[in-house]
Amino acid sequence: FTKPTAPATRWRIGITPREQPATDGRDASDALDRGCIRWLSRLLPDAIAIPIPNFDTSAQAVAFVQQLQINALVFSGGGDLRAQQRLLSIEQALLHSARHHRWPVIGICRGMQALQQLHAGEVMSIDGHVGSAHALFAPADLLHGGEPQPLNLTVNSWHSFGIRDVATGWQALAYSVDMHVEAMRHLDLPWLGLMWHPERESGGEAICDAWLADLFNPLIEQHSAYEN
């Protein structure tokens with residue numbers, strides 16, 4: 001494993017925070033786990049992490065990304081996918097920019113669900129995946145009807161929605177024992193989905209680091225070749 005390094009133009013990673021609804025004693029607010037910043041800083045020490053406010057409109061979010069010269073995105077998770085249609089539309093607009101520029105995109109937990117749904121894939125309610133760490137299994141063994149082969153890795157789990165089959169254009173990287181997709185990558189774009197939280201305890205560091213290197217390093221090499 002080779003840790004990804006920043007290209008000549010530094011990675012400016014836009015991170016979507018979770019939305020905290022207003023209560024009687026508190027206005028609506030945005031929240032971002034500190035662990036997410038620490039995780040990205042460890043992987044990409046020269047990168048700049050920039051939280052993207054949960055704007056009212058997609059146009060505001062896209063303008064913010066352009067003004068801050070963001071060139072990678074992290075959908076950090078949090079909240080109910082089906083109850084946040086405004087946020088889903090904003091994510092769709094951000095992904096349109098990411099697709100056009102071929103930016104790296106990481107979807108975490110709800111963020112992976114958003115990637116699935118925005119590519120016309122199915123997201124379903126599931127039980128037993130909230131607050132219970134579980135093992136990962138190799139997808140090839142499950143898909144071919146053989147005995148599940150563990151990846152010798154346990155990850156955290158905090159989601160009540162899951163994915164049985166990845167959307168068109170995506171490849172499954174790992175499954176849970178009940179055959180729900182736990183990680184996936186796009187077949188063409190540098191996009192990765194993780195159903196667990198890599199920034200938290202049992203974050204699958206052994207496998208996530210390699211996947212993230214696969215995501216960023218080819219782009220770094222392409223950039224270096226262009227500059228030379």
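What you see is a predicted model, where local features need pLDDT of at least 70, side-chain atom pairs count only at pLDDT 80 or more, and totals for chains, interfaces and linings use all residues. Residues are numbered from 1 along each chain as its sequence is written, and side-chain values use heavy atoms, leaving out hydrogens and water.

Let's start with helix 1, residues 34–43 (helices are DSSP runs of H or I, at least four residues, and strands runs of E, at least two, numbered from the N terminus). Its buried residues are G35, C36, W39, L40 and L43 (buried means under 20% relative accessible area, exposed over 50%, partly exposed in between, with a 1.4 Å probe and protein chains only). They cover an arc of only 135° around the axis, so they sit on the same side of helix 1 (the arc is that of the directions from the helix axis to the C-beta atoms). The face turned away from that buried side carries the exposed R34 and R38.

Now for the rings: the structure holds 3 aromatic pairs (rings of Phe, Tyr and Trp, its six-membered ring, pair if their centres lie within 6.5 Å; planes under 30 degrees apart count as stacked, over 60 as edge-to-face and the rest as tilted). F55 and F64 have ring centres 5.6 Å apart and planes at 55°, so this pair is tilted. Both F55 and F64 are buried. W196 and W211 form a tilted pair too, at 6.3 Å centre to centre and 45° between the planes. This pair links distant parts of the chain, 15 residues apart: W196 lies in the loop between strand 13 (191–194) and helix 6 (205–227), and W211 in helix 6. W196 counts as buried because its relative accessibility is 0%, and W211 is buried at 11%.
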